[in-house]
Amino acid sequence: WQKGAFMTIDRPYGRLFDFLHHNIGSTHVVHHLNHQIPHYHAKLATQSIQKAYPDLYLYDPTPVWKALMRVSAKCIAVTKQDGMWVYRGQNPEKKVA
């Protein structure tokens, strides 16, 4: 469960979106680690997670619209196989049984 939570990525969403959505894009990792942290403590909690787990915490400075275009154009995480969408994992060449 924690491993999956650390697979989420914080990224900048722009000042207006961050204001309107209480910084959920730039504090998303903390939200997945503990959803009970209130939004008004999320920035401090994110800083604490960055310091405590520097090898696990993920931040991508790519603006959200650029990241969305990149992912939608070059998705490498899933592939259609036998009529189903399956996760390819670390080895994109591996066929899922």
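Analyst: Here is how the labels on this predicted model are reached. Residues are numbered from 1 along each chain as its sequence is written. In this predicted model, local features need pLDDT of at least 70, side-chain atom pairs count only at pLDDT 80 or more, totals for chains, interfaces and linings use all residues, and side-chain values use heavy atoms, with hydrogens and water left out.

User: What makes up the secondary structure of the protein chain?

Analyst: Five helices and two strands. Helices are DSSP runs of H or I with at least four residues, strands are runs of E with at least two, and both are numbered from the N terminus. The order is α-α-α-α-α-β-β.

User: Why is Leu16 called exposed?

Analyst: Exposed means over 50% relative accessible area, buried under 20%, and partly exposed in between (1.4 Å probe, protein chains only). Leu16 has 61%, so Leu16 is exposed. Leu16 lies in helix H2.

User: Why is His22 called partly exposed?

Analyst: The relative accessible area of His22 is 42%, so His22 is partly exposed. His22 lies in the loop between helix H2 (15–20) and helix H3 (28–33).

User: Is Asp82 buried or exposed?

Analyst: Asp82 has 72% relative accessibility, so Asp82 counts as exposed. Asp82 lies in the loop between strand E1 (78–81) and strand E2 (84–87). Phi of Asp82 is near 55°, also a positive value in a residue other than glycine.

User: Which residues form the largest nonpolar core?

Analyst: A nonpolar core is a set of buried Ala, Val, Leu, Ile, Met, Phe, Trp, Tyr and Cys residues joined through side-chain atoms within 4.5 Å. The largest has eight residues: Ala5, Phe6, Val29, Val30, Leu33, Ala45, Ile49 and Tyr57. H3 and helix H4 (42–52) are the elements that give two or more residues to this core. H3 gives the most, with three.

User: What is Val30 in contact with?

Analyst: Contact means heavy atoms within 4.5 Å. Leaving aside neighbours within four places in sequence, Val30 is in contact with Ile37, Ala42, Ala45, Thr46 and Ile49.

User: How much of the protein chain is buried?

Analyst: Buried residues make up 24% of the 97 residues.
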